[in-house]
Amino acid sequence: MVAFFIFLSRRMNSSGGGAGGIFSVGKSKAQLFDKTTSDMKVTFKDVAGLDGAKQEVEEIVSFLRNPSRYTELGGKIPKGALLVGPPGTGKTLLAKAVAGEADVPFFSMSGSDFVEMFVGVGASRVRDLFRQAKEKAPCIIFIDEIDAVGRARGRNPNMGANDERENTLNQLLTEMDGFGSNSGVIILGATNRADILDKALLRAGRFDRQIHVELPDLHERIDIFKVHLRPIKIDEHLDIDFLARQTPGFSGADIANVCNEAALIAARKGKKAVEKQDFIDAVDRIVGGLERKTKLTTISEKKSIAYHEAGHATVSWMLQFANPLVKVTIVPRGEALGAAWYLPEERKLTTQEHMLDQICATLGGRAAEELFFGSPSTGALNDLEQVTKQAYAMVAYYGMSDKLPNVSYYDSSGSYEFGFSKPYSDTTADLIDAESKRIISEQFERAKKILTANTQGHHQLALQLIEREVIYTEDMEHIFGKRPWTSRADELMSELEVTDQPVADVKTTNTDETKPAEENPSIDQTTNNEIA
Ligand code: ATP
């Protein structure tokens, strides 16, 4: 009996893996990476782009390696840094690189690891984590997805406040900047939602620095591609610039996915190296979904889809600020029956002209239906949703309408602190509605005018679409002539070529339209007439 009792109590007490027995439930679950035990192989070389963020975290590593350099001048080592940014942009990767490069112990855990079904466990885990860290100081603690514990505390405990989480947060707050000293322990946090974090957590003295990790721009995407193409056997003519241009708005994780998907597609086809077409297929698949092989469309349905898509293509071709077209297809993919693929320009600043051109191009499909079939179809649902949101945003957020100039009802804090969900009068609401409708109907008329002026080309395009199902930029150029405008991506690339060495000189087939084009008077004339 005694032996059995001892055995039982040992089993309950066992702390293998942290969560072992019931008595070790309050122990922290942090994983420790040490330079002796660690198999962490990620270094700053594996993190492409993110120069600003990289510099900040490199500085933290250098603080820990050589603190006297900073303290001699009277500076203090920062207590913590918060990595903030959209999903998949490399926050965890950056923290891993810090672990790989810093010569100090690195504790890593996720915000949700603090939470358990027992009351008081979270706070006790925080205490345990900091106790361990202080023993090993100087060291770094990394808490991923910190919003799981760091969410703002509620005001009214009866209204959904979570006592256990709040206790954990309170403990974290006191450990980070309380009476006890924790010099030499730097806390790195990562989150997608800095806006919902408690204000006390964000103040200087706890997280002194917020490091913003944004979606990569064109140049950074080229670097990220280079990192992820390292292990892949690629065709020697592959143009990395082209890949970066095809993937606007993609995060680092998406790019890693494209590379992997392209390798799988090439393997499925039994190729020896991954080629450009495999990457294009991978991007198409990730953006548009799986191609649907079963085509249950009648001839008249196909015709209607072709005229709709050709409408988008024609109108956008004629507008200076519409995104450059890559291809038009009537092959069903995912939810869509057909699609016009553009390369978004990734502008940092969007002007009124850009937004109006964008709305006009999006309405091109519905305008074509009305002009050539007389009755609208449900196929334009997506377009209309997008256009309505854009028009309302122009009026209510960007102050871009004549009747409501320079006012914005946008709330960047995202908090309804004073309970205003609609901070304007009913008269203003009527004005917002009227102005948005005016913008949409004006652009719709403009789209119809452009299509009427280019009926010949539009018909030709629609017929080619019905016949071939996919139309590329070159085919558009045959019909309408070159676009006389240079795209923003091209301007950026030419800057890059001046400052950097060229990556490859193979030119792509379907972005030629975006090359600096010669003046084309006939198109220019038509376009000017239409825009006027
Ligand atoms: P989440 O907020 O969803 O946790 P995250 O920002 O922490 O996302 P990571 O886990 O760091 O994202 O990134 C996921 C993957 O994306 C990485 O493993 C890496 O392969 C790739 N990746 C992201 N950014 C970069 C980059 N700048 N350079 C190289 N690879 C990157």
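Here are a few worked exercises on helix packing and aromatic contacts in this structure.

The model is predicted, so local features need pLDDT of at least 70 and side-chain atom pairs count only at pLDDT 80 or more, while totals for chains, interfaces and linings use all residues. Residues are numbered from 1 along each chain as its sequence is written, and side-chain values use heavy atoms, with hydrogens and water left out.

**Exercise 1.** Work out how H11 and H12 cross, and which residues meet there.

Step 1: Get the helices. They are DSSP runs (H or I, at least four residues), numbered from the N terminus; H11 covers residues 252-268 and H12 covers residues 276-288.

Step 2: Take the axes, which are lines fitted to C-alpha atoms over the stretch in contact, with angles from 0 to 180 degrees between N-to-C directions. The two axes come within 8 Å and cross at roughly 120°.

Step 3: Classify. That angle makes H11 oblique to H12, since under 35 degrees is roughly parallel, over 145 roughly antiparallel, 65 to 115 roughly perpendicular and the rest oblique.

Step 4: Check the hand. H11 and H12 cross right-handed, i.e. the near helix is turned clockwise from the far one by less than a right angle.

Step 5: List contacts (heavy atoms within 4.5 Å). H11 residues including Asn257, Val258 and Ile265 meet H12 residues including Phe279, Ala282 and Ile286. The contact splits into nine nonpolar, one polar and five charged residues; here Ala, Val, Leu, Ile, Met, Phe, Trp, Tyr, Cys and Pro are nonpolar, Asp, Glu, Lys and Arg charged, and the others, Gly among them, polar.

**Exercise 2.** Describe how H16 crosses H14 and H15.

Step 1: H14 (residues 352-373) and H16 (residues 426-453) have axes that come within 7 Å and cross at roughly 65°. This crossing is right-handed, and its contact residues divide into 13 nonpolar, three polar and five charged.

Step 2: For H15 (residues 381-397) and H16, the axes come within 9 Å and cross at roughly 125°. That makes H15 oblique to H16.

Step 3: The crossing of H15 and H16 is right-handed. Among the residues that meet are Val387 and Tyr392 of H15, and Ile432 and Ser436 of H16.

**Exercise 3.** Find the ring cluster and the charge over a ring.

Step 1: Pair up Phe, Tyr and Trp rings (Trp by its six-membered ring) whose centres lie within 6.5 Å. The count is five aromatic pairs, and ring pairs link Tyr307, Phe372 and Phe373 into a cluster.

Step 2: Look for NZ of Lys or CZ of Arg within 6 Å of a ring centre and within 35 degrees of the ring normal. Lys276 sits over the face of Phe242, 4.9 Å from the ring centre.

Key: Phe/Tyr/Trp six-rings, centres within 6.5 Å; stacked < 30°, edge-to-face > 60°. Helix = DSSP H or I, 4+ residues; strand = E, 2+ residues; numbered from the N terminus.
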